[in-house]
Amino acid sequence: MPHRLTINGRHSLICAPDTTILQTAREAGFGFPHACRNGVCERCQGTLVAGAVRYLRPDPLTGSSVIHAGQTRADRVLYCVAIPISDCEIDVPEITAPGELPVHRATCQIIGQDALNHDVSRIWLRLPAGKAIRWHAGQYLSLELEHGSYPFSIANAPGGRDIELHVRHGEENDTARRIMAELGERGTVAVTLPAGGRFIDQPPARPIWFICGSTGFAPVKAMIERLIELGHPHPVRLFWGARVEADLYLPELPGQWQHQLPDFHAVTALSDISRPGHAHGLVHEAALEALAEPHAPLFYIGGSPAMAWAVFDALRDEGVPAENIHSDAFDYAPREAPDAGR
C-alpha cells in the first residue's frame, strides 16, 4: 500500500508501493543529493525520524533489510535503496523542494568595505571556491556571528562568488554598529544562504514596480540587475524613499539603468525636506500618484515590516490585488488575517 512521506518537517508526498524514496521524491520535483543510485556513494543519506523502511538488499553493516527510526543506522539511511513500509518522516541535508534552491552554510572571506553615505556601508564577501552556491535576485543571507544570526539582503544579482551587502549603521542602531566593528576585526565570516521567497528569477510578462526605503534598496538593486541580464522588455519603475537627500546612496545607478532597460523610470522621495529633483512626502505616495492601472504591475517592497505593511495597505486601498504585492516582511513578520487580507 502507498505510504505518506514527510520531508524535513515541511513537505509531504505519497510513496507508491515498492518505489524508493529517492525515485518518489525526484518524480515529484524534489532535488535530493545523489549520484550512484545503488547505495554505494552514500550522497543520498539522511535521518529516518519516524517510521520504517525496507532496503532493496540487506545493509552491509547490520545485515538487516529493515530499519526503524531510532535504531542503529537510522541516522544514515540511504534513500536510493530504501522503500517505506509505513508512513515515514525523514531529514535530508541540502534538499530542495520544487522551485527551491539548496540552503548552504559557508565561510566567506571579507574582501572589502566602503562607505556609501554617512551611515550606510557596503560589505563585499567572497564565497569559497569549489562549491557552487546559488541564490535568486532579491533573496537574503544570514551572518552567523558569535552574538547571533543577522539577516541581510544580497544586493547583487546571482552569479559568481562575490556577495554585496548594504549595512545601515547609524547611531541609533547599536546592533549594526557592533556587527560592523566585528566584521572590521576579522578576515572571514560564516553565512547561511539563500533565504526568502519573494524574488525574481524569470520575470513575468508584465510591468514591475519597486517601492523601497533606506537599505530596502539592496534587494531591489539585485532584482533590477537581474532584469537587465534577462533583457526584460516591460516597464520597470523604481520609487525610493529617504528622510533627507543625504540618506540616499549610489545615486548614479538609476541613470545607468535608464540606458540598460527599454522602459525604466525612477523617482526619489524625501519625507523630511523638500529638494529639487525629488518628490516630497512618503515614497508610496509618489507611487500612487503615478499609478494609473492598479491591476497591471507586480509590486516588490523593500524596507522594514512597518513600512512594507503600510505600503501594502495603501496599494490595496487603491485597488491593487493582494497577490500582486510582494515583500519578505510579509513572511517573517506576518500580521493577523483581518489586517493582511484587506
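This is a predicted model: local features need pLDDT of at least 70, side-chain atom pairs count only at pLDDT 80 or more; totals for chains, interfaces and linings use all residues.

Trainee: Why is N156 called buried?
Mentor: The relative accessibility of N156 is 10%. Buried means under 20%, so N156 counts as buried.

Trainee: Where is N156 placed?
Mentor: N156 is in the loop between β12 (148–153) and β13 (162–168).

Trainee: How do you know that the side chain of N156 makes a polar contact with E164?
Mentor: A polar atom of the N156 side chain lies 2.9 Å from the backbone nitrogen of E164. The cut-off for a polar contact is 3.5 Å, so this pair is within it.

Trainee: Which residues is N156 in contact with, leaving aside its neighbours within four places in sequence?
Mentor: N156 is in contact with W124, W135, D162, I163, E164, K221, A222 and E225. Contact here requires heavy atoms within 4.5 Å.

Trainee: Which residues touch the most other members of the largest nonpolar core?
Mentor: They are F210, F217 and L238, in a core of 27 residues. Two or more residues each come from β15, α3 (217–230), β16, α4 (253–260), β17 and β19 (298–302). The largest share, six residues, is that of α3.

Trainee: What does F217 touch beyond residues up to four places away in sequence?
Mentor: F217 touches C212, L238, W240, Y249, L250, L253 and W257.

Trainee: How many residues does the second core have?
Mentor: This separate core has 26 residues, among them L22, C44, A82 and A97. Membership requires burial and a link through side-chain atoms within 4.5 Å.

Trainee: Which residues of helix α5 are buried, and what covers them?
Mentor: In α5 (residues 283–290), V283, H284, A286, A287 and L288 are buried. Their cover includes β15 (208–213), β16 (236–242), β17 (264–270), β18 (279–280) and α6 (305–317).

Trainee: Why are β5 and β7 said to stand at the edges of their sheet?
Mentor: The open sheet has three strands in the order β5-β4-β7, with antiparallel pairing. Both β5 (66–68) and β7 (82–84) have a single partner strand, so one side of each lacks a neighbour in the sheet. Neighbouring strands of this sheet are turned by 30 degrees against each other on average, direction ignored.

Terms used: Residues are numbered from 1 along each chain as its sequence is written. Side-chain values use heavy atoms; hydrogens and water are left out. Buried means under 20% relative accessible area, exposed over 50%, partly exposed in between (1.4 Å probe, protein chains only). Helices (H or I, at least four residues) and strands (E, at least two) are DSSP runs, numbered from the N terminus. A polar contact is a pair of N or O atoms within 3.5 Å; within protein, one must be able to donate a hydrogen and the other to accept it, and residues adjacent in sequence count only if both atoms are side-chain atoms. Two strands pair if DSSP finds at least two bridges between them. Axes are lines fitted to C-alpha atoms, for helices over the stretch in contact, and angles run from 0 to 180 degrees between N-to-C directions.
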